[in-house]
There are 2 protein chains.
Amino acid sequence: MLACGMRDDALTAALLEGNVAALARAVSIVENGRAGFEELLATLHPRLGRARRIGLTGPPGAGKSTMTERLVATFRIAGHRVAVVAVDPTSPFTGGALLGDRIRMEAVALDPGVYIRSMATRGSLGGLATATQEVCDVLDAAGFDRIIVETVGVGQSELDVARMADSTVLILVPESGDGIQTLKSGVIEAADLLVVNKADRPGAEKLRRELEMSLDLRAGRMSRHGSAHHGALRSGPAPQAATASGDTPWRPPVLLTTAATGEGIDTMVAAIEQHWTWLAESGTLERRRRSRLAQRTRDVVERAMHRWVWQESHADEMILARLDDVSAGKTSPYDVAAEVVASLKEGARV
Amino acid sequence: MLACGMRDDALTAALLEGNVAALARAVSIVENGRAGFEELLATLHPRLGRARRIGLTGPPGAGKSTMTERLVATFRIAGHRVAVVAVDPTSPFTGGALLGDRIRMEAVALDPGVYIRSMATRGSLGGLATATQEVCDVLDAAGFDRIIVETVGVGQSELDVARMADSTVLILVPESGDGIQTLKSGVIEAADLLVVNKADRPGAEKLRRELEMSLDLRAGRMSRHGSAHHGALRSGPAPQAATASGDTPWRPPVLLTTAATGEGIDTMVAAIEQHWTWLAESGTLERRRRSRLAQRTRDVVERAMHRWVWQESHADEMILARLDDVSAGKTSPYDVAAEVVASLKEGARV
């Protein structure tokens with residue numbers, strides 16, 4: 001860590017004091033997985049839990065960036081320090097639009113109580129989702145009150161965001177089409193708030209009604225099955241004993257907004273705060289955070305094993321040494337892989 | 001394998017004879033990672049290499065499914081058996097459109113010389129990309145002459161497709177926007193053919209010119225750097241010694257098509273065949289296939305290690321046993337992960 005010009009404990013102290021340079025350095029160390037990043041995160045771990053993490057997800061064009069700007073402005077008026085982490089799993093076809101969004105956000109970035117970071121490290125060690133959560137930890141330790149994680153809505157990323165947020169907001173627009181279709185997709189299951197943005201366009205009210213109906217159907221299903229754990233994590237340990245006495249399940253509100261004009265934003269922020277209160281009072285916050293910690297530990301194990309196999313062992317040399325035979329059909333990738341795995345297990349104690 | 005009503009060697013024999021029921025069974029075993037699937041693939045390995053694998057990639061709405069139908073029809077007229085593997089990495093927001101595409105494809109599916117399979121197993125063991133390649137291997141062993149791998153263009157999947165195909169076709173449409181932007185994205189680097197589909201729409205000729213200019217720029221860059229390995233794999237061992245004597249680099253042709261009417265399809269198929277000839281004569285085919293085999297072996301090792309850690313070891317029990325302490329801030333996910341990894345290595349020989 002001497003190369004950074006600051007020792008770990010000095011960096012940690014400066015970060016906890018709110019030093020801006022220390023924050024930038026810590027985020028950079030963690031984002032890029034530089035030497036000592038896991039030690040830094042371990043040191044910060046006991047300081048976490050202050051920030052409320054809000055995930056914004058939805059299809060491209062739903063207005064997530066404009067919504068983020070509005071949320072930032074509203075949280076700032078309430079006196080909160082706000083961090084924004086924009087996650088771009090780099091769909092190669094959306095580069096242009098994203099760039100424009102980021103430039104627009106710069107207006108907000110001039111406020112020293114606001115920190116904005118884009119995460120787009122393709123193929124970072126252990127995956128973008130884990131790295132994003134680790135950057136959020138740094139921001140949490142640095143004293144931000146609200147962390148907004150915004151993702152471009154492609155592939156698996158919506159669900160990854162839901163896994164890392166305390167409150168997940170799904171933003172749809174009238175033209176994004178059939179609400180029932182969206183329900184089927186499983187994304188709604190992960191959402192704590194449903195927002196129909198661009199509500200001044202035709203079809204907004206229709207989409208709202210469809211979403212409410214979908215929620216009615218789900219509420220019926222859930223009461224039949226006795227489960228109230230919507231929005232729960234997909235993986236990780238099973239949720240603890242079902243609804244405690246007096247624990248009312250959360251029904252995601254369906255809200256209409258027009259982020260471009262600010263219409264409906266105050267109501268949305270109030271709903272996020274209500275969700276937070278429900279999370280805390282129902283014990284769901286504690287359960288979700290425990291699940292997240294278990295999952296984080298799994299992710300770190302996975303990353304360490306990956307590093308061991310591909311950077312510290314001779315696995316790849318073994319594979320390349322057998323490639324002629326595989327290519328000639330004398331053996332198969334499966335036989336060679338079995339040899340490599342046996343050798344890894346055999347040599348693990350050396 | 002007795003549960004399948006057929007022993008492995010009987011299944012393999014029936015598959016190699018072209019038995020349709022055996023094919024369906026083998027694909028299903030491999031797709032779902034059922035007991036014995038790696039043994040089956042190891043048995044098939046020496047029989048691979050007959051099929052030409054063609055990847056179709058591009059943004060949503062580029063007309064990939066219509067293009068696939070046209071390609072299938074053209075290959076059938078030439079007397080080839082054709083398999084289509086449609087990869088859907090399940091962007092939760094595109095479910096509806098895809099379904100429509102699949103139904104349309106059923107018309108082609110009535111032909112017994114055509115086999116169509118959708119791959120959408122979210123979170124399959126070891127990842128969708130590996131499972132897709134393994135299904136392609138089964139189809140190759142079963143005697144299909146052409147395998148078309150079509151992906152919905154989201155996230156990482158374009159590049160995954162390029163990694164598994166002999167020839168990768170990137171399909172763009174005039175409205176998909178700036179050709180230069182697309183070039184920057186790195187997708188073009190992975191493409192062997194560039195196709196401007198819906199060429200009857202405004203802007204097609206402009207996009208074609210932009211793409212040609214991009215290729216000119218790249219050709220200039222490449223000749224300066226002395227590299228002719230466009231379209232090479234992203235990971236895996238370094239390509240073998242640069243261009244052999246007399247080895248002309250491949251310049252991706254930029255073609256105009258209108259898949260809906262069939263305009264330009266014959267030219268496109270001819271270009272695919274020319275690319276194949278170049279692949280074989282330049283030695284690139286051999287290099288790509290070797291790289292793919294090395295990467296496959298790595299993927300299988302990765303899968304086996306994952307299985308070991310999460311299904312066969314006590315890693316998860318250890319994590320859950322320490323969760324109270326992690327939650328209370330007495331230890332961190334990083335410290336627990338280090339304990340788990342040490343224990344895995346320690347116990348590996350047991």
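**Strand S4 of chain B.** I looked up burial along strand S4 (residues 146–151) of chain B in this predicted model. Six of its six residues are buried, so the strand is largely enclosed by the rest of the structure. I took a residue as buried if 20 or more other C-beta atoms, placed from the backbone, lie within 10 Å of its own. Strands are DSSP runs of E with at least two residues, and helices are runs of H or I with at least four, numbered from the N terminus.

I then checked the two faces of S4(B). In a regular strand the side chains alternate between the two faces of the sheet. B:Arg146, B:Ile148 and B:Glu150 are buried on one side, and B:Ile147, B:Val149 and B:Thr151 are buried on the other.

**Pairing.** I counted two strands as paired if DSSP finds at least two bridges between them. Strand S1 (residues 52–57) of chain B runs parallel to S4(B) over five bridges, with B:Ile54 opposite B:Ile148. Strand S2 (residues 82–87) of chain B is joined to S4(B) in parallel by six bridges; B:Ala86 has B:Glu150 as its bridge partner.

**B:Arg292.** I located B:Arg292 in helix H11 (residues 284–312) of chain B. B:Arg292 is buried because 20 other C-beta atoms lie within 10 Å. B:Gln133 is 159 residues away from B:Arg292 in sequence, yet their C-alpha atoms are 9.8 Å apart.

**Conventions.** Residues are numbered from 1 along each chain as its sequence is written, and chains are lettered from A and ligands numbered from 1 in the order in which they are written. Local features need pLDDT of at least 70 and side-chain atom pairs 80 or more, while totals for chains, interfaces and linings use all residues.

Notes:
Buried ≥ 20, exposed ≤ 12 C-beta atoms within 10 Å, placed from the backbone.
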